[in-house]
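Grab a pencil and work through a few exercises with the structure open beside you. Each one sets a task and then walks through a solution.

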Amino acid sequence: MTLPRQKVTRVLVVEDDPVSSQIILKAMSQAGFEASHASTVREAVAAIDGFAPDLMLLDVGLPDGDGFEVCRHVQRQARLSATPVIFISGHDDTASKLRGFEAGGVDYVTKPIVHAELLARVTTHLRLKRAFDLLADLQAERIKRLGAVQVALMPQPAALPEARFAVRLEQLCEAGGDIYDVVNVGDGVVDYLVADVSGHDISSSLWTSSLKTLTAEYATPANPPLDIVRAMNRVLTRILPDGHFFTLAYLRLNRRQRRVGLVLAGHPPPLLVRTSEAATLLDGEGDVVGAFEDAAFHYREFRVSRGDRLFLYSDGLIELQPDRGAALDRLREAGDR
């Protein structure tokens, strides 16, 4: 049986004094670390980019600059910003130590170097880094699982061919507060929902499942779209914490009658692209869902023809633009192409 290969721990030593360099490199090698060496700022920057160290031992005084400059370079690299930097210096003054910590260093060792002390500090900071990395991995895995559950709540076009819809889902994080739903109400009637819960933290995404549950409960032929949204609001105002609410667009399409009923609740206007007319944004004022018991929602009905298309979207599509009006104009122009 072949055992899995353990990851080698890499230590970059940036020291211009040959004697100190050899002492430190030997100590790191004897401890089982893969050590690399640089003696100038230029060499250090090149080594950082190519060697990708797990920890750095960095001399403060270098021939072409100082170690603080190198440390700041490390902090600017997203993939290396968590790399511990331990400064080494012959100066024991408080000002130098403070500069080191301000530059992003985690520790400061003064010369002459004591092997046992240096190794203890290196080992401690590597353990801390591994603990933080493990915690980050665990959190990322939890968020991925939450995101997978959230996506599983949203129906795919292949599962509802009679609804004749397509989806483009791009989340900025693994789990977000946007949700869509499609419900086959029956007899050529399909309900479509796009909603966005306020806030951009992970807790906000947990409330999307409540909206999914309410849609399944109320989306029936006996309940018109406006009544459905009002019923959702009555429930959500009782369970959502302060500061949380939904914006949503709820649309019912009756294919036999070619009629659409649309409810807007603080949500961006859907885009209607007809076969023979310019694209239109279906504007409408309406309160958000889940914030006010007496909320008022915008409702409108209109007819559609074969070949017409309706686009529902989350506010993420337009909020990236500083000017909301300009973003909506661009969306309308895109519909005319």
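In these exercises, two residues are in contact when they have heavy atoms within 4.5 Å. One more thing before you start: this is a predicted model.

**Exercise 1: the overall picture**

Find out how many helices and strands the protein chain has, and what share of the chain is made up of buried residues.

*Solution.* 
- Start with the elements: the protein chain has 10 helices and 15 strands.
- Next, burial. Buried means under 20% relative accessible area, and buried residues make up 42% of the 337 residues in the chain.
- Finally, look at the contacts with a separation of 6 or more: 63% of those in the protein chain come from residues 24 or more positions apart.

**Exercise 2: a proline and its surroundings**

Locate P270, decide whether P270 is buried or exposed, and list what P270 is in contact with, leaving aside neighbours within four places in sequence.

*Solution.* 
- P270 sits in the loop that joins β11 (259-265) to β12 (271-273).
- Its relative accessible area is 1%, so P270 is buried.
- With neighbours within four places in sequence set aside, P270 touches A249, L262, L264, T280, L281, L282, F311, L312 and Y313.
- Now try a distance: R332 is 62 residues away from P270 along the chain, and the C-alpha atoms of the two are separated by 9.9 Å.

**Exercise 3: a cis peptide bond**

Which peptide bond here is cis, with omega near 0°, and where does its proline lie?

*Solution.* 
- The bond to look at runs from K111 to P112; this one is cis.
- P112 belongs to the loop between β7 (107-110) and α5 (115-152).

**Exercise 4: α2, α3 and α4**

Work out how α2 lies relative to α3, and how α3 lies relative to α4.

*Solution.* 
- Begin with α2 and α3 (residues 67-76): their axes come within 10 Å and cross at roughly 25°.
- Angles under 35 degrees count as roughly parallel, so that is how α2 and α3 run relative to each other.
- The contact brings together V41, A44, V45, I48 and D49 from α2 with E69, V70, H73 and V74 from α3.
- The crossing of these two helices, α2 and α3, is right-handed.
- Move on to α3 and α4: the angle is about 20°, and the axes are 9 Å apart.
- That makes α3 and α4 roughly parallel as well, with a right-handed crossing.
- On the α3 side you'll find F68, C71, R72 and Q75, which meet S96, R99, G100 and A103 of α4.
- Zoom in on S96, a residue of helix α4 (residues 94-103). At 15% relative accessibility, S96 is buried.
- Leaving out neighbours within four places in sequence, S96 is in contact with F68, H91 and Y108.

**Exercise 5: α7 and α8**

Are α7 and α8 roughly parallel or oblique to each other?

*Solution.* 
- Helix α7 (residues 208-218) packs against helix α8 (residues 225-239) at about 140°, and their axes are 10 Å apart.
- That angle makes α7 oblique to α8.
- From α7, the contact uses S210, L211, L214, T215 and Y218; from α8, I228, A231, M232, V235, L236 and I239.
- As for handedness, α7 passes α8 in a right-handed crossing.

**Exercise 6: rings**

How many aromatic pairs does a search of the whole structure find, and over which ring does the charged end of R10 sit?

*Solution.* 
- The search turns up 1 aromatic pair.
- R10 has its charged end over the ring of F51, 5.2 Å from the ring's centre.

Notes
Residues numbered from 1 in each chain as written. Predicted model: local features only at pLDDT ≥ 70, side-chain atom pairs only at ≥ 80, totals over all residues. Heavy atoms only, no water. Helix = DSSP H or I, 4+ residues; strand = E, 2+ residues; numbered from the N terminus. Phe/Tyr/Trp six-rings, centres within 6.5 Å; stacked < 30°, edge-to-face > 60°. Lys NZ or Arg CZ within 6 Å of the ring centre and 35° of its normal. Axes fitted to C-alpha atoms, helices over the stretch in contact; angles between N-to-C directions. Parallel < 35°, antiparallel > 145°, perpendicular 65-115°, else oblique. Left-handed = near helix turned anticlockwise from the far one by under 90°. Buried < 20%, exposed > 50% of the residue type's maximum accessible area, 1.4 Å probe, protein only.
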